[in-house]
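Here's a quick briefing to read alongside the model. Have the sequence and the 3D view open as you go.

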Amino acid sequence: MVRQSLSRRRFGVALTGAVTIGLAGCSDDDSADDDSELFEPEDPGALTLELENEDGDPVSSGVEVTMESEEEDYTSNYHDDIDDGQLMASLMYEGEYTITLESVDDEFETVEETVTLEEDDETVSVVLDGATPDTADDDEDGEDE
């Protein structure tokens, strides 16, 4: 068996004055403007979900919301962000989203909606059959006092 010897080489450079290094495609002023557009997120507007039970009462607790854009490989999850039956989400991309609403306590069946988000704000109302309304939470708090 032959053993190979490894050695390290050191390189030193003494610089006097300014050094300019050009990288392919980086020194052209026009390409810098074009590249900056690739990193700016789209501004599709805001998406508001209005969650209510079958009686029209707002539902703010016990709901897990997932918003997914397969086209952009983007997913957002929401749970504690629902207030007075409304969830306001600022999404990064325009296009079609699949919105899945699941019950934390198995009070209602999973609901799935498809929404196309463009440049304007969008509001979608979703009925969650069997979900506990916010007013029931208030009633329970009142009984405990």
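The protein exposes about 11,200 Å², with carbon and sulfur atoms supplying 41% of that area. Keep in mind that this is a predicted model. Of the 145 residues in the protein, 28% are buried.

**Overall layout**
- The protein has 2 helices and 7 strands.
- Take the contacts with a separation of 6 or more: 59% of them are between residues 24 or more positions apart.

- Glutamate 71 counts as exposed because its relative accessibility is 65%, and the cut-off for exposed is over 50%.

**Two aspartates with positive phi**
- Most residues other than glycine have a negative phi, which is the background for the next two.
- Aspartate 84 isn't a glycine, yet its phi is positive, at about 55°.
- You'll find aspartate 84 in the loop between β3 and β4 (86–90), and with 56% relative accessibility it counts as exposed.
- Aspartate 106 also isn't a glycine and has a positive phi of about 55°.
- Look for aspartate 106 in the loop between β5 (95–103) and β6 (111–117); its relative accessible area is 72%, so it is exposed.

- Tyrosine 78 belongs to strand β3.
- Is tyrosine 78 buried or exposed? It counts as buried, because its relative accessibility is 12% and buried means under 20%.
- Which residues does tyrosine 78 touch, leaving aside its neighbours within four places in sequence? Its contacts are Val63, Glu64, Val65, Met67, Leu87, Ala89 and Leu91.
- Tyrosine 78 and leucine 101 are 23 residues apart in sequence, and their C-alpha atoms lie 9.6 Å apart in space.

Note on methods: Residues are numbered from 1 along each chain as its sequence is written. This is a predicted model: local features need pLDDT of at least 70, side-chain atom pairs count only at pLDDT 80 or more; totals for chains, interfaces and linings use all residues. Side-chain values use heavy atoms; hydrogens and water are left out. Helices (H or I, at least four residues) and strands (E, at least two) are DSSP runs, numbered from the N terminus. Buried means under 20% relative accessible area, exposed over 50%, partly exposed in between (1.4 Å probe, protein chains only). Contact means heavy atoms within 4.5 Å. Accessible areas come from the Shrake-Rupley method with a 1.4 Å probe; for residues, only the protein chains shown count as cover.
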